Amino acid sequence: MKKWKRGLALAGAVFLLVIFCLPMYFALTGNFSMGTFMASLMGAFFAAFMAYAMWLVYRALDKRRSEKNAGKIKHVIFDVGRVLVDFNWEGYLKGFGFPKEEEETIAREVFKSDIWNERDRGLYSEEEYVRQFVEKAPQYKKDIRRVVRESGKTIVTRDYADTWVKYLKKRGYHTYVLSNYSQYMLEQTRNKLTFLKYMDGIVFSCEVKELKPEPEIYKVLLDTYGLDPEECVFIDDRKENCTGAQKLGLHTVHFRDFKQAAEALERLGVK
């Protein structure tokens, strides 16, 4: 539940509590008046009736919204990293046992760098990207090469990934992957991405030389598989990537965890 909904629900609960306590207050005070008591009692009943009526209206509108979306979404598009797999570079890097200064430097110049993101575009060879990493911190040349060479170990498929995709397939939805992913990492981890065999289409950034959230990569997916944006929902852990998809007319779910994403899909009529 969103924060504003929690706040509204809490305010409503406090209001009802006050209303229901008023009759008791007037009954117990020395200035008891039957007229005031009856007025507060009727007010309490009226508040309860209105709260129930508002709840019924909310349920009806929510149901209508779900019915409107039901059947509209036909295609579910997944990001991979931190949606269907864990990308735990922090734990992986820490496992080397480097001194703190070296660990922080490699984290900054490799995993947190623009070079790492551009590596997903796949314009150059893997050796060229490694050279650029090393150029940023040449004092750690040997360790940087080792860290990058074994970086496929950062990827672990989440336990719900295959089940989630298979469930959607059984419900009649088409499923796709649209992910920023480097060629080297793909070669190292493709065997871990067991959910790929259930996909109706796959677009990896390194294979089309485009990156999210740039519009071209979304267009590649839509054009390649003939998808109508209005019939698509895109799931990604990065807000900016969702925004990029929205600009092209796709529905989006900003992924935080599986339960939250499943609930968001349900509100779009994907059940």
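Two strands pair if DSSP finds at least two bridges between them. In this predicted model, phenylalanine 78 has valine 177 in strand 4 as its bridge partner. The pairing concerned is that of strand 1 (residues 75-78) with strand 4, which is parallel and runs over four bridges. Both strands belong to an open sheet of five strands in the order 5-4-1-6-7, paired in parallel.

**Sheet**

- At the edges of the sheet are strand 5 and strand 7 (251-254), each pairing on one side only.
- From one strand to the next, the twist averages 20 degrees.
- Strand 4 (residues 174-179) also pairs with strand 5 (residues 201-204), in the parallel sense and over four bridges.
- Helix 9 (residues 183-189) carries the chain from strand 4 to strand 5 in a right-handed β-α-β crossover.
- Serine 179 has phenylalanine 204 in strand 5 as its bridge partner.

**Helices on the sheet**

- The sheet carries helix 12 (residues 239-246), which touches strand 6 and strand 7 and whose direction makes about 175 degrees with that of strand 7.
- Helix 13 (residues 258-267) also packs on the sheet and touches strand 6 and strand 7, with about 155 degrees between its direction and that of strand 7.

**Aspartate 236**

- Aspartate 236 is part of strand 6 (residues 232-236).
- Aspartate 236 counts as buried because its relative accessibility is 0%, and the cut-off for buried is under 20%.
- Its side chain makes a polar contact of 2.7 Å with the side chain of lysine 212 and another of 3.3 Å with the side chain of asparagine 241.
- Beyond its neighbours within four places in sequence, aspartate 236 has contacts that include Asp79, Val83, Cys242 and His254.

Conventions
Residues are numbered from 1 along each chain as its sequence is written. This is a predicted model: local features need pLDDT of at least 70, side-chain atom pairs count only at pLDDT 80 or more; totals for chains, interfaces and linings use all residues. Side-chain values use heavy atoms; hydrogens and water are left out. Helices (H or I, at least four residues) and strands (E, at least two) are DSSP runs, numbered from the N terminus. Buried means under 20% relative accessible area, exposed over 50%, partly exposed in between (1.4 Å probe, protein chains only). A polar contact is a pair of N or O atoms within 3.5 Å; within protein, one must be able to donate a hydrogen and the other to accept it, and residues adjacent in sequence count only if both atoms are side-chain atoms. Contact means heavy atoms within 4.5 Å. A crossover is right-handed if, with the strands pointing away from the viewer, the path from the first strand over the helix to the second runs clockwise. Axes are lines fitted to C-alpha atoms, for helices over the stretch in contact, and angles run from 0 to 180 degrees between N-to-C directions.
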